[in-house]
Amino acid sequence: MKEADPHLPIVCGLYRFSLDNGPGIRTTVFLKGCPLACRWCHNPEAMSPEPEIFFRKTRCLGCGGCVKICPRQAIEMRRNTVFLHRQRCDGCGRCARVCPSLALQAVGSQEPAAELVELLLRDLTFFEVSGGGVTFSGGEATMHGEYLAEVLGLLKSQGIHTALQTSGFFEPVFFEAELLPRLDLVFFDLKLFSATEHRRWTGRSNDRILANFERLARLAPERLRPRIPLVPGATACKENLAALATFLRRCGFTVATLLPWFPGGREKRRALGRPAARGLSHEPMQRAEEDELRTFFNRCLTKKSTDP
Amino acid sequence: MAPVTLADISLARHTLSTLPRLAGLRRACLSARSEVCIERARHVTAFLRDLADPAESMEIRYARAVSHFLRNKKPRFFDANLLAGTTTGKPFGAPVYPELTGLTIWPELDVMGSREKNPQALTQAEADELNEEIFPYWLDRTILEHTRHREGNPPAMRLFERIVFFLASKAGTISHTVPHYRAALEEGLESLIDKAAAEEQRLQASAGADPEKAEKIDFYRAVQIALAGIIAYAENLSREASRLAALEPYPDQRENLQKIAEVCAQVPAKPARTFREAINGLWIMQVAIHAESINMAMSPGRLDQVLWPWYQRDLAAGRLTTEEALELIGCLWLKLNDNTNLVPETAEELFGGAGTVPAVTLGGVDQDGRDAVNDLTYLMLRVTELLKTRDPSVNARYDFEANSRTYLERVASVIASTKAVPALYNDRAAIATLVRQGIPLEHARDYAIIGCVELAVAGRSYDASSSIMLNLASALELALYAGRRPVTGDERIGPDTGEPGTFSDFEEFWQVFRKQLAWLIGQAVELNEQLGRSHQELLPTPLLSALFEGPFGKGRDLIRGGALYNSSGATHIGFADTVDSLSAIEQAVFVDRRFSFERLLKGLRDNFANDAELHAYLVNKTPKYGTENPAAQKNAERLLGFLFETYQGYTNYRGGRYRPAYWTMTNHAGQGKLCGALPNGRKANQVFASGITPVSQAATGLAGCLNAVAAIDPELIPGGEAFNLKYPEVESADDLKRFADAVEVYFRRGGLHIQFNIMDYQMLLAAKARPDDYPELLVRVSGYSAYFKDLNEAMKDEIITRTAYDLRTGRAAEFPAGHRNLLPAQGAPPPTRPATPLAAARSAITRNPVLGLLMGRFLTCMESRAADDFLEILLELMGLAFLVLPHYRKNIENFDGRYQFLSRDGHVRTGARFRDSRLERRETVSDPHITILFKNGRALMDFLLTPKPDILGAMLRQEVTLDGNLNYLYKFAYMARRLQLLAMGRV
């Protein structure tokens, strides 16, 4: 059993044989913790860097093993299932280890860099055969800069292709000195161009994000891949897309990926004891609407600079 | 190395519309109903009974019998196929091999044509001939009963007859091999006969004191006799084709028949000159082999290599177009579907839906290790893709260094299109595995697949690859219950290894498990050796031997070790469930120490009914094979290593070593039904995982699953493995690339075999619910292909529940919530006892009032719940029927049979002796042929008489136990059922 180490980030997901996060067959590593708090986030368990517990009451058999083992008396028996007092829980995960039915599950686990690399190297042949590699995501993986730099360094020493998915909210000097040299691709998410809207939906202004993008566009345009999530009611409106397109063109980009968005993360929010996100659609975007936005966006991106 | 010259290797322009002959033949093939063919049984039996000279050796006598049949076998032309020769006398026939298990259909002769599942039709005259003329000769002469008699009903045989520990396949087959057709086609059989004659003369003339001289002389003589039979058959085909051509009104078919007449006048007697002659010559030899050996997994081998010289020559000479070549290959593929196995109702439950699994092997490397993929490889792939038939079982070899990636991707696209075939083999792993078995490298490189997944050195090794099928979970249960199993009740069967509650660590349990397993293997091997000796005594194979490298040089039949290389295969059922159960015991009882062994055992006995916590823990929190969990991997490797060492320590009656294997046909479903709950959380009576595949839904990540299975050292699996993977869909070019990537990764990491079903949960559930909507749905079972509709329900469920990995996410697709009760760890209720259909129509078939009265009592008894006096009434009725019904009396003319019936509670003790056309009854008969121990009248009646005898169910409930010559029981069951049908007015 590993003891908690406050310096180590929590790896809250390891998606192997994943195909959407870069070329070839990849393993995507999700690091827990993010400076933004996007309301549409699919991975609510990756928002806080702190240890957390998923609790799914319907799976509980009421065996009570967790009640006995919890060092903070955060779990009590109520009728035939248990109740988790979140405010008392520090996410140590002892309850999850004894829970037979997966009603209690720790959100990920800490992995020292060398051990994480060992896990990733299990799939070396997949990377080699398919031209794939490892992608870091989150959360915001750059929140754990030193750790990330160490892991990337170990992977590069094995010649493995590396990629990062980032919200762009990072400290640029460290990024450019320690991370960028060890990355083959940077998927950079732009969400909302308006700083106010950005703050409204994600809790933070986008000043730093846009500035970071501009710097990277100058430093390493060939490795930079801008992406925009199409969140209905938030990012997916013509005004925002036109503004982002103008920004991208100014940075020298005429191509960017629009990511379709699906309502998700609700079940996980519930399992984390969080309230449901406000103001979000419960339905995915209609195909026609999405196509229209794509056409519009691409036209904005490619129209000549003399156009109004 | 043959260059690939095709402009389009997918041959997309050739379709079933451009190949109308194949389209028509395919339609007929898919709608054909199977019929029993007794032609072979009739001729072979008649010869051995009436014509054979008992002074001659069995080698000669059997060669004469086979030759006699081939000479008298009617040449038949059922359709517009370009090839001549039919395995049986029916368009889709199941030949009867009374020497082996043919007699098992005896009880069903009157009903098997009308049974619900996969009926096999035969006429009343044919049924009567089997009952009166053919089967009686074999009562004491089948391989099984000959062995029982010689060995004094040995304990190993008794163990086998409990069905739930291991199956001794030699009672029913050896076959399972790959002949050397190329040499026979190049030389012609006349030349082989001349060679055999020369060897015979040389031996006759030699003065040396060779102790085996007489045997060798007999072998060479037998070869000449048997091969002459093949030539006679081909001549008959030629003559018949000429005769029919003269009568044929349609010019196309007339021309075809004329051509066939020419071809059969040439091959296989003389060297094949053209591609068509080579294919037809090969097919005639394949037909002829089945005159001697049963039609199980007799595999044609590397046809793209074997037929290559003729194809290339014809193409170069402008005698053959691609179109014509495709048509000829298609005709062979459809011919390979012209026969099926004879399957009694009970065997349906164990093997249901299997074809005869003639395996064709394509691609890979040549004897020098170079790329062997040629144009013919792609033609054969295209034909496979277009026809989508159950047989032949097509296998593609792939060497990731020597073969092109284009070839792999083409194979992947054929799999995506057929949804099931071909299966894929890793050349690097397979060749290394054979080399470790002592095969020289260049011969190992020429390997071909036998039947399901077994490796043969084509034309050079005799592997009897399906000799033993051993249930690993049975050894586990013996270890858990100190030598007992729930299914066999209180009786101690294995060694008494003590109650596990006293074990201090996992190592102690492992040693106990090893002990039970080693004991079981010892029993299975001993019986296989005994049966092998019987094959040597009764069923030599001179015809097959002539088509191998080795026997000619050694002067020795294959069955006596004539092949260059020999082995026996032992395959294992329940591998993943056993590994996971070992890991679960280790984790639960000894690592976490969360549950005591007593609590675990109580949970297993109760099928977890009262311990949800234990069950959830076992399912969710213990190591699973297929996830790269180190503890699971350790236990998998340990088990594989132990089995490898144990089997390799045994030498068989032909001088070869035993080879462990992991493929299960449908036995993982059948055996699963007869096994209690297991420590991995699998509930009682649920299916096991197939082959070497991880337990369904236990390994949720594709990458981890591929890595974990690939990590197994293939050299520990010389008998072959079946790894089944399911993808919901493979549609786009990207999907195909990932598909090929996944295969390549698996092979580069050392995986030996992989095969696919490309289908999702919903479609399979729909196909189970509405079979008529999916008449052609082809699935990969565990080594062979089957039409889904033909499978038994348990097997269907097993295929449905196999983990389906989404190629786009690498994760297991969500199993439909409404059907989770199909999952082995969730467990539907155990199979319910089938309702006994009662006598529907009573009939006054007889004017004899006493008989009528008794029949009425018989039917009333059948309808009563207890049926206490069933046996009493049955025997009384039988006795009377013999007296008053001459046609019924025929059953026991010249028959001497002694039966002892005992009820388990001791209340009934009845002996029956059939002699001098009469039935005598007394309490005890001395020296009974068979003793039948039954729980009560009802159990005995269900066992013998219901239209669907529930023998597996009877086993489960331990309602009837048999001891003695089973053929006598089959005969008795036939007579009893006949009476039932008479009483019901059905005959």
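Entry 1: I'm working from a predicted model. I looked up which residues meet across the two chains: 21 residues of chain B are in contact with 16 residues of chain A. On the chain B side, helices H26 (612–621), H29 (702–710) and H30 (733–748) each supply at least two residues. H26(B) gives the largest share, six residues. I sorted this side of chain B by class and got six nonpolar, six polar and nine charged residues.

**Entry 2: H25 of chain B.** Next I checked which residues of H25(B), spanning 597–605, are buried, and found B:Leu600, B:Gly603 and B:Leu604. Looking down the helix axis, I see them fall within an arc of 100°, so they line one face of H25(B). After H25(B) comes B:Asn607, and I noted its positive phi, near 55°.

**Entry 3: H10 and H11 of chain B.** I took H10(B), residues 251–266, and H11(B), residues 275–292: they pack at about 70°, with axes 9 Å apart. With 65 to 115 degrees counting as roughly perpendicular, I put H10(B) down as roughly perpendicular to H11(B). The crossing is right-handed. For the contact itself I listed B:Val263, B:Cys264 and B:Gln266 from H10(B), meeting B:Arg276, B:Glu277 and B:Asn280 from H11(B). By class, I have two nonpolar, two polar and two charged residues there.

Technical notes: Residues are numbered from 1 along each chain as its sequence is written. Chains are lettered from A and ligands numbered from 1 in the order in which they are written. This is a predicted model: local features need pLDDT of at least 70, side-chain atom pairs count only at pLDDT 80 or more; totals for chains, interfaces and linings use all residues. Two residues are in contact if their C-beta atoms, placed from the backbone, lie within 7 Å. Helices (H or I, at least four residues) and strands (E, at least two) are DSSP runs, numbered from the N terminus. Ala, Val, Leu, Ile, Met, Phe, Trp, Tyr, Cys and Pro count as nonpolar, Asp, Glu, Lys and Arg as charged, and the others, Gly among them, as polar. A residue is buried if 20 or more other C-beta atoms lie within 10 Å of its own, exposed if 12 or fewer, and partly exposed in between; C-beta atoms are placed from the backbone. The arc is that of the directions from the helix axis to the C-beta atoms. Axes are lines fitted to C-alpha atoms, for helices over the stretch in contact, and angles run from 0 to 180 degrees between N-to-C directions. Angles under 35 degrees count as roughly parallel, over 145 as roughly antiparallel, 65 to 115 as roughly perpendicular and the rest as oblique. A crossing is left-handed if the near helix is turned anticlockwise from the far one by less than a right angle, and right-handed if clockwise.
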